[in-house]
Amino acid sequence: MVATNVKAETMSLMDKRSALEAEMNSIIARLSQPGAPGLSGNLVDSEDFPHSDIDVPVVRAERRRLAELRSDHNEVTDKINLNIQILHSARLGNRSFKNSGNDDGSDTQVSSNMDTVASTPSQNVLLIRSPNSMDVNVLISRPFAMVDEIADASPAVEDGLQLGDQILKFGNVEAGDNLLQRLSSEAQSNLGCAVPVVIMRQGTVINLTITPRPWQARGLLGCHFRIL
């Protein structure tokens, strides 16, 4: 019963996180459209006067809301991770049980029908729904970065990456420390070579192949990653 309640709560949290991501992506898209100041661009000129072509109060409100959404997203993700630990404990506890029907009184180990990933660190685990609405599958990864800026006609766009995509894996980079440096190094070391990339887009896991390459602007991808 506890596992069932945790599953239901986790799926509800996943819906909430998807809604937060959708609103975040919408704000990021508005702030990043042509002529907009982006997520961190200056709203005043060199003399500290507001730019005449920017609705400064609206942009500030959008940025403030985005910061609130990111905080809420982190809290929901932490709660999901905690629930994962609970589910893992329940699964490990149900891997075997006594078969009281044995005439000889011996204990028989019977595998449960729940998959376990005992060695997987909770911070690297992502829950995804299975076709059964009351079941949950475990994917050994979770987003560690998000595309918060992306340029038109860039290699990233041409190869299928979109604003708001969350990165589960980029080549050999999955999680850990110094992620921005490792992402940059991975792109540079694979110049002109296809790099397998796994992303989460609106709750769906998608496999892409992105080739870092020179283009009309700086960088090899034409996008910016924000570490989650």
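This briefing covers a sheet, a helix packed on it, and the salt bridges of the structure. The model is predicted, so local features need pLDDT of at least 70 and side-chain atom pairs count only at pLDDT 80 or more, while totals for chains, interfaces and linings use all residues. Residues are numbered from 1 along each chain as its sequence is written, and side-chain values use heavy atoms, with hydrogens and water left out.

**The sheet**

- Five strands form an open sheet in the order 6-5-4-3-7, with antiparallel pairing; strands (E, at least two residues) and helices (H or I, at least four) are DSSP runs, numbered from the N terminus, and two strands pair if DSSP finds at least two bridges between them.
- Strand 6 (204–210) and strand 7 (223–227) are at the edges and have a single partner strand each, so one side of each lacks a neighbour in the sheet.
- On average, neighbouring strands of this sheet are turned by 40 degrees against each other, direction ignored.
- Two bridges join strand 3 (residues 145–150) and strand 4 (residues 166–170) in the antiparallel sense.
- M146 has Q166 in strand 4 as its bridge partner.

**The helix on the sheet**

- Helix 4 (residues 179–189) lies across strand 4 and strand 7, and runs at about 145 degrees to strand 7.
- Axes are lines fitted to C-alpha atoms, for helices over the stretch in contact (heavy atoms within 4.5 Å), and angles run from 0 to 180 degrees between N-to-C directions.

- In the one between E23 and R65, the closest N and O atoms are 2.9 Å apart.
- E23 belongs to helix 1 (residues 2–32) and R65 to helix 2 (residues 56–93), so this pair links distant parts of the chain, 42 residues apart.
- A network of salt bridges links E23, R65 and E68.
- E23 is partly exposed at 32% relative accessibility, and R65 is partly exposed at 30%; buried means under 20% relative accessible area, exposed over 50%, and partly exposed in between (1.4 Å probe, protein chains only).

- R213 forms a salt bridge with E158, with 3.0 Å between the closest N and O atoms.
- E158 is in helix 3 (residues 155–158) and R213 in the loop between strand 6 and strand 7, 55 residues apart.
- The side chain of R213 also meets that of D159 in a salt bridge (2.9 Å, N to O).
- D159 lies in the loop between helix 3 and strand 4, so its pairing with R213 ties together parts 54 residues apart in sequence.
- E158 is exposed, with a relative accessible area of 54%, whereas R213 is partly exposed at 22% relative accessibility.

Methods
Salt bridge = Lys/Arg side-chain N within 4 Å of Asp/Glu carboxyl O.
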